[in-house]
Amino acid sequence: MSQKIPVTVLTGFLGSGKTTLLNRILTEKHGKRIAVIENEFGEIGIDHQLVIQSDEEIFEMNNGCLCCTVRGDLIRILGNLLKRRDRFDHILIETTGLADPGPVTQTFFMDEDLKDNFSLDGVVTVVDAKHILLHWEEAPEVKEQVAFADVILLNKTDLVPAKELEALEKRIRTMNRLAKVYRTERSKIEMDKVMGLGGFDLERILEHEPDFLKAASKTLGGTETHDHDHSHDHAHECDKDHVHGPECDHGHTHECDKDHVHGPDCDHDHAHECDKEHVHGPDCDHGDDHDHEDHHHDESVKSVGIQSLNEMDGQKLSAWISELLREKGADIFRMKGVLNVKGSPNRVVFQGVHMTFEANSEVPWGEQKRQNTLVFIGRNLDREALNIGFKSCYAE
Amino acid sequence: MSLTGLESPLHEVLKFTAGDSIGAMAWSPEGERLAVGSLSGELIVLEVSTQKSILSIPEAHFLGTQALAWSPDGKRLASGGCDGAVRVWDLSTGSSLNEYRFKGGWVSHLLWGEFEKGTQKKGYLIAVAGKKIVCLDDEGVLLHSYPDHPFGIEDLTWRPKSAQFSVSSHGGISVWSVMKSKLERTYEWKNPAIFHRWSLDGQWIAAGGQDGSVHIWIAKSGADFHMGGYMRKVERLAWHPEGRWLATPNGGNLAIWDCSPPGPEGRVPEEYAWHEKNILSLAYQHRGDLLATGGEEGNVAFWLPGKRDFPVGKLALQSAVLQMAWRPDDQAFAVGMKSGEIRIFDRG
């Protein structure tokens, strides 16, 4: 089987320097054949072999489930590229400034052909250090773009005093502890920092963030200060009519006759069963009782990390994650983990976007210490509940 | 007369290799020529009797030629591609008469038909790119355009026995009048309808879904049936000429629905396993009972659904079979492959 083609998703609010970065990537001598899928307003300044303009066409995969959104245009365009004998080394997708990165990333989990032939190399978000705070509150997309990123370019640093920059970086890090943050001027950066990331190495990333996981483990004892006990059972005002009715025939309902950890042999990745009354979509407006967190300085969007040495029970873990994504998938932007599953000689590595996720266990632990590292990035995450849930999956 | 089985073997009558994967393929109305478009942008017309190409444009469309349609008289050919252009070619001179260019978007589908306007017959060329639909005349000049579709159009086909065509996309199917920009009716479905076909008598419409299902409407009443449970998206489907059987790919299996009254819902489809990988193309004869399926693994099988549960003929071709088409007389069969090969087989 041929290698999967890596895909880089490039996001960033209007005027952040996204197109400048794209132009840099395309003019750099890296010897790669890159196909660029540009948004309809894109303006790549150079003559490039394969630039495809596309209008972002987002659709829900099934009756009103707001989380299962994909980019229909990407399915068509990438499907066509796949048919060519002439292969590309890398795909670069530029989103519009106001795009939520959810649908574009989910597309690679939801379509069979794309899933089999492409791998999400990384989401790169360019942040305008000078102006981001202006958009921070009024445009939810800004936070989503930061939360989804694997790499963040804190751009236009020459226009911002060092102190402000420090504060901004700190704020960004609270939201997304997994992303690598680089400070740049005019989007100038080495190519290998934004492309060819080769998936992710969670432990290595978190080596530089030792306090993050320590803090996370501490909350297991209940030291978390603001307790946001919002069960989603009470009335929520949702302007969308998205009740999953009985005729809701979800082709991708999670069905696996294997006894499973979502691991090596499981080919499915949708933990989504829609017999629920409702799934909280990103547009769901949950009324005032949910907004208390916004009054705190930071942020309804944040990262929660879990680390432990315990061996995990694969079946319990699978059931817990499925349940969790079903209930909270709309609020969980990204999830990454390396898990120590009892009985598996290999590291079980998984990543997810909203309600979709994929897992594999191809790499043995070898000399490495067997441990669990799990990170969630999302909105209104309940750290304590996540910890308790995770703990319930320890092997006997 | 049509084939009733493959008791007589197929002979290869033509083999040709294009520069890249075959994006489109179309038999001329009289069945003597085959037009081919490749994803490297070529446009080629092959003449079967001489085994020669009678038209060869190396880059008719930048980034790929992916739609073709013959004029009903067979004298002209329309091509469309990833450069957003529709070109009308005159086969007698080999040159392009006209070009219509969409603003952005890939031209994905073309249809060219002849309809009576007043006392005269006139040609109409329907072209689709992204969310846009236009109607051109025989020269490739714009007659009228249609309102932008709410979603990107996935498929385009004629509505049988009418001067109408239909497009499918997320949200279902819409039917339009050829001669003016008028919406005739819609068939709604809250899923991406990535392919659709009418039964030849025009009574049924079947659509394949991105979510791994097939949806069928009774054209007149709009009553619909839903068949789920497919292992992947349903990118192709084909009706038996008499409308009884609907052939659909279920991954590498062939699933056949019996659509005789009261309809397919609640019935269990017949399912035949033979292909090693996904079925990428399938085509019923225009008048006969034979169904051909082409697989990602490079094999072609011929079936008699409802009569035999095994292939009655096979071809091993070594490259993913993306396109296939029976000649209008049903006596020959062309395939277009990912390797860029075109191969034509004849009963002869």
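A:Asp111, A:Asp113, B:Arg232, B:Lys233 and B:Glu235 are joined in a network of salt bridges, a salt bridge being a side-chain nitrogen of Lys or Arg within 4 Å of a carboxyl oxygen of Asp or Glu. Within this predicted model, local features need pLDDT of at least 70 and side-chain atom pairs count only at pLDDT 80 or more, while totals for chains, interfaces and linings use all residues. Residues are numbered from 1 along each chain as its sequence is written, chains are lettered from A in the order in which they are written, and side-chain values use heavy atoms, with hydrogens and water left out.

One link between the chains is the salt bridge in which the side chains of A:Asp113 and B:Arg232 meet at 2.7 Å, N to O, and across the interface of chain B and chain A the rule finds five salt bridges. The contact, meaning heavy atoms within 4.5 Å, takes 31 residues from chain B and 25 residues from chain A. The area buried between the two chains, which is the accessible area (1.4 Å probe) that two parts lose on being put together, summed over both, is about 2400 Å², and carbon and sulfur atoms give 47% of it. On the side of chain B, the residues that lose the most area to chain A are B:Leu63, B:Trp106 and B:Gln210, together 21% of what that side buries.

Because B:Lys15 lies in strand S1 (residues 11–17) of chain B and B:Glu341 in strand S30 (residues 341–346) of chain B, the pair ties together parts that are 326 residues apart in sequence; strands here are DSSP runs (E, at least two residues), numbered from the N terminus. B:Glu341 counts as buried at 14% relative accessibility, where buried means under 20% relative accessible area, exposed over 50%, and partly exposed in between (1.4 Å probe, protein chains only).

A further salt bridge joins the side chains of B:Glu139 and B:Arg76 at 3.2 Å, N to O. B:Glu139 lies in the loop between strand S12 (132–136) and strand S13 (142–145) of chain B, and B:Arg76 in strand S7 (residues 76–81) of chain B, so this pair ties together parts that are 63 residues apart in sequence. B:Glu139 is partly exposed at 37% relative accessibility, and B:Arg76 is partly exposed at 21%.

Methods: Helices (H or I, at least four residues) and strands (E, at least two) are DSSP runs, numbered from the N terminus.
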